[in-house]
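Okay, thanks everyone for making it.

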Amino acid sequence: MIMLFNRTKLVDILSGKNVNDYYMEYDKTQWYSKGEMKEYQLMKLKKLLKHCYNNVPYYNRIIKERGIDINNITSTNILEKFPVLTKEIIQNNYKDFIPKNINHIKGVKISQTGGTTGNILLKRTDANVRSSAWATYKRFQDWMGISGSTKILRLMGGHVAKHSLKDNIKEYIFNIVNNTISLNPYDKSDKNIKRIQSVLENKGISSIKGYSQSLFFLARLFEDRSVSFNIDSITTTAEPLMDEHRMKFKKVFGAESFDQYGCGEIGSIAYECNHHKGLHVAEERVILEFKDNIDLLITDLDNYAMPYIRYWNADQAIVSKEECTCGRKTLLLSRIMGRTCDYISCSDGKQLHWAYFWHLLFDTGIAAKRNMVKFQVLQNNINELNFRIVSNPLQKEDKDIIVNNMKMFIGKDIKVTFIQEKDIENAKSGKYRPVINNMI
Ligand SMILES: [Zn+2]
């Protein structure tokens with residue numbers, strides 16, 4: 001722990017961030033009662049809205065137009081007076097979202113964030129929001145039992161080739177600072193797989209960070225070779241982590257899985273603790289509201305360079321009705337449903353979530369029988385689906401089971417074309433998408 005503090009402090013000094021102070025604070029606030037957390041959020045929200053009124057033209061206009069009294073805020077419910085913020089609104093009013101005092105905000109950085117639907121948004125962050133987000137991540141590492149001396153294998157990235165000297169140096173420093181070894185999860189050559197195996201066996205790795213789909217592929221491969229490991233924890237991000245993934249990771253890597261959720265614009269939002277009852281929302285950082293009980297609206301309490309108030313990021317999540325058994329009282333997300341474009345449209349107007357196809361393949365035993373690695377369902381019109389699958393060849397009986405089941409759920413006129421693939425490419429964002437609905 002001491003090592004972690006020192007290292008975090010060192011990085012703070014080098015990068016102009018303030019992770020350590022936030023981390024110390026969040027170490028305490030994680031045990032706040034619901035009332036205490038509301039107070040804490042209210043304090044941050046008041047400050048943020050004052051900043052918005054004084055410096056951000058878009059919000060100054062909204063606050064005036066709607067007669068919102070920002071000097072007399074008594075509850076976070078004030079947010080309901082604000083409009084939902086969409087990517088389109090930001091794109092159409094881009095200049096009005098630039099704070100007038102931008103030159104006085106510490107550590108402003110501009111980068112791009114790509115949506116899964118290819119909607120590029122310019123992203124602006126400041127030193128405070130980055131520090132706060134990192135601090136919640138450090139706390140998540142505590143929940144996973146990761147300390148400063150824990151060696152981590154990072155199986156991420158690689159979908160975008162980065163070969164410049166600057167990128168290499170950056171990665172080199174990142175790996176040293178974070179006690180991490182980085183390998184490419186997408187290189188499926190025998191040489192790379194052996195390298196991953198050797199690192200897991202010989203380098204004292206006790207935690208893996210990666211995407212669930214590529215880790216699942218690796219686990220299958222190691223299982224076939226009767227290789228297993230003794231790793232403590234696996235953390236996954238960006239892609240859905242299903243129960244079948246968790247079971248396989250336990251079996252092959254020996255590891256407990258910890259899911260996390262965030263989005264490009266806001267950063268970290270929720271993390272799973274070691275009681276595995278759902279994902280704890282980092283309520284010190286964000287206020288979540290739910291449109292129609294399922295669509296996330298996010299208010300980022302820390303980002304002054306680009307304020308997001310009631311931002312609709314097109315993700316959906318289900319709130320747990322129960323509290324976590326760990327004693328933390330924060331809002332708990334029982335499931336992240338993913339994007340609205342992760343649904344297939346049915347002829348009766350129903351939307352079918354991608355998880356349906358996942359369960360169809362696993363519950364019928366087809367996934368195990370045909371050694372399924374990956375699938376993707378593509379919809380171009382209401383009655384036609386392309387079912388891409390990486391597996392041993394599906395037999396007629398498998399296809400009949402799949403199609404008959406789909407007819408019951410999607411409509412009896414559905415036509416399914418099966419395509420056996422060697423691999424299924426990731427989306428431009430680098431994420432694997434189990435469903436692509438081109439009709440939305
Ligand atoms: Zn918990």
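Predicted model: local features only at pLDDT ≥ 70, side-chain atom pairs only at ≥ 80, totals over all residues.

I'll go through the salt bridges, then a surface patch, the cysteines, the aromatic rings and a couple of backbone angles.

Let's start with charges. How many salt bridges does a search of the whole structure find? The count is 21. I'll pick out a few of them.

Take Arg-61 and Asp-96. Their closest N and O atoms are 3.1 Å apart, and they form a salt bridge. This pair connects distant parts of the chain: Arg-61 sits in helix H4, residues 57-65, while Asp-96 is in the loop between helix H5 (87-92) and strand S1 (109-114), with 35 residues separating them. How accessible are they? Arg-61 comes out partly exposed, at 35% relative accessible area, and Asp-96 is partly exposed too, at 24%.

Now a local one. Lys-194 makes a salt bridge with Asp-190, and here the closest N and O atoms are 2.8 Å apart. Both residues belong to helix H8, residues 190-202, and they are four residues apart, so to speak about one turn of the helix. Lys-194 has a relative accessibility of 49%, which puts it in the partly exposed class, and Asp-190 is also partly exposed, at 38%.

Next, go to Asp-300 and Arg-285. Their side chains meet in a salt bridge at 3.3 Å, N to O. Again the pair links distant parts of the chain: Asp-300 is in strand S11, residues 295-300, and Arg-285 is in the loop between strand S9 (279-281) and strand S10 (286-291), 15 residues apart. Buried or exposed, would you say, for Asp-300? Asp-300 is buried, at 0% relative accessibility. Arg-285 is buried as well, also at 0%. And there's a network here: salt bridges with shared partners join Lys-44, Arg-285, Asp-300 and Asp-302.

Okay, over to the surface. Which residues form a nonpolar patch there? They are Leu-165, Ile-169, Tyr-172, Ile-173 and Ile-176, and together they have about 560 Å² of accessible area. If you want one to click on, Ile-176 is in helix H7, residues 165-177. Ile-176 is exposed, with 54% relative accessible area, and the cut-off for that class is over 50%.

A quick word on cysteines. A disulfide is a covalent bond between the sulfur atoms of two cysteines.

On to the rings. The count comes to 22 aromatic pairs. One of them is Trp-134 with Tyr-137: the ring centres are 5.8 Å apart and the planes are at 85°, so this pair is edge-to-face. Both of these residues are in helix H6, residues 127-144, three residues apart, or about one turn of the helix. Trp-134 is partly exposed, at 32% relative accessible area, whereas Tyr-137 is buried, at 9%.

Then there's Phe-387 with Phe-418. Why is this pair called tilted? The planes are at 45°, with the ring centres 5.5 Å apart, and planes count as stacked under 30 degrees and edge-to-face over 60, so 45° falls into the rest, tilted. This pair links distant parts of the chain, with Phe-387 in strand S17 (residues 384-390) and Phe-418 in strand S18 (residues 415-420), 31 residues apart. Phe-387 is buried, at 1% relative accessible area, and Phe-418 is buried at 18%; the buried class means under 20%. These two Phe residues are also part of one aromatic cluster, along with Tyr-356, Phe-357 and Phe-375.

While we're on rings, have a look at Trp-312. What sits over its ring? The charged end of Lys-291 does, 4.7 Å from the ring centre.

Last topic, backbone angles. Asp-292 has a positive phi, near 50°, and Asp-292 is not a glycine. Where is Asp-292? In the loop between S10 and S11. Asp-292 is exposed, at 63% relative accessibility.

Asn-371 is another residue other than glycine with a positive phi, near 55°. You'll find Asn-371 in the loop between helix H12 (366-369) and strand S16 (374-381). Asn-371 is partly exposed, with a relative accessible area of 26%.

Definitions and conventions:
Residues numbered from 1 in each chain as written. Heavy atoms only, no water. Salt bridge = Lys/Arg side-chain N within 4 Å of Asp/Glu carboxyl O. Helix = DSSP H or I, 4+ residues; strand = E, 2+ residues; numbered from the N terminus. Buried < 20%, exposed > 50% of the residue type's maximum accessible area, 1.4 Å probe, protein only. Patch = residues over 30% accessible without salt bridge, like charges linked within 9 Å, V, L, I, M, F, W, Y side chains within 5 Å. Areas by Shrake-Rupley, 256 points an atom, 1.4 Å probe, with all protein chains shown as cover. Phe/Tyr/Trp six-rings, centres within 6.5 Å; stacked < 30°, edge-to-face > 60°. Lys NZ or Arg CZ within 6 Å of the ring centre and 35° of its normal.
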